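This report walks through one protein model for a reader who is new to structures. Please look over the sequence and the model before reading on.

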Amino acid sequence: VDPLVESSLCRSRIAIQAARRVWPEEVRKTEDALGNFENFDWLANKMSALYSITQIGDSPDAMLGTDAVFLSRLLLEEQLLDKGRSKGKGKYGSRYHPAPVDCRENVNSSKVGSRPLTVGECWANWHELREVLRMKYSIDGKLDPLPRIREALAEQYKQICSGEETSPTLMPCFHDFVLE
């Protein structure tokens, strides 16, 4: 595996874990609705495809990966609003959408409505999306989530660097954070 791809997948997984810490209830609702969420490769793949937009700039927040946490929350919510209509089929579907929880089509599911944003749509509109997401995903409807995101990311990085986090999917980040 290409080291750059491995690094972006790793950083995507860190952002997903941070989103779980910052918005536990909201992320849990999405996880429950999507079924077996232990396999979130689809989300890490989609985030990895968008990795470069979450690293724009040289501000401490850009370098830390706060935008990636906002992106993970957005993509989870988009998938929840989709109600399973985008089922992991087709050219990109299996990479960027979860596999169906059960093989039966949901007969009560409407075919009309919203769909998850595509990678291209996220890419083209990220500058505006980033500002909207910061307001939309406030804590308790009033607090800026950025301090909690910074805290969650710092904790993730600390666990990786100290060896507390031994997940094989996060260990490639050890090189990024400790050896560079």
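## Salt bridges: what counts

A salt bridge is a side-chain nitrogen of Lys or Arg within 4 Å of a carboxyl oxygen of Asp or Glu. By that rule, a search of the whole structure finds six salt bridges. The model is a predicted one, in which local features need pLDDT of at least 70 and side-chain atom pairs count only at pLDDT 80 or more, while totals for chains, interfaces and linings use all residues. Residues are numbered from 1 along each chain as its sequence is written, and side-chain values use heavy atoms, with hydrogens and water left out.

## The chain as a whole

The secondary structure comes to nine helices and zero strands, where helices (H or I, at least four residues) and strands (E, at least two) are DSSP runs, numbered from the N terminus. Read along the sequence, this gives the pattern α-α-α-α-α-α-α-α-α.

Of the 180 residues in the chain, 44% are buried; here buried means under 20% relative accessible area, exposed means over 50%, and partly exposed lies in between, with a 1.4 Å probe and protein chains only. The chain exposes about 10200 Å², of which carbon and sulfur atoms supply 55%, the accessible areas coming from the Shrake-Rupley method with a 1.4 Å probe, and for residues only the protein chains shown count as cover. A contact means heavy atoms within 4.5 Å, and among contacts between residues at least 6 apart in sequence, 72% join residues at least 24 apart.

## Salt bridges one by one

Glu25 and Arg28 form a salt bridge in which the closest N and O atoms are 2.9 Å apart. Both residues lie in helix H2 (residues 24-34), three residues apart, which is about one turn of the helix. An α-helix has 3.6 residues a turn, so residues three or four places apart point the same way. Glu25 is partly exposed at 48% relative accessibility, and Arg28 is also partly exposed, with a relative accessible area of 40%.

Another salt bridge, 2.7 Å from N to O, brings together the side chains of Glu77 and Lys136. This pair links distant parts of the chain, since Glu77 is in helix H5 and Lys136 in helix H7 (residues 119-136), 59 residues apart. Glu77 is buried at 19% relative accessible area, whereas Lys136 is partly exposed at 48%. The side chains of Asp144 and Arg134 meet at 2.4 Å, N to O. Asp144 lies in the loop between H7 and H8 and Arg134 in helix H7, so the pair ties together parts that are ten residues apart in sequence. Asp144 has a relative accessible area of 35% and is partly exposed, as is Arg134 with 32%. Salt bridges that share partners also join Asp67, Arg130 and Glu131 into one network.

## Empty space inside

Rolling a probe the size of a water molecule over the atoms shows where empty space is left.

Trp23 and Ser138 are 115 residues apart in sequence, yet 9.4 Å apart in space from C-alpha to C-alpha.

Helix H3 (residues 41-49) is mostly covered, with seven of its nine residues buried, among them Trp42, Leu43 and Met47. By contrast, Asp140, in the loop between H7 and H8, is exposed at 63% relative accessible area. The phi of Asp140 is near 55°, a positive value in a residue other than glycine.
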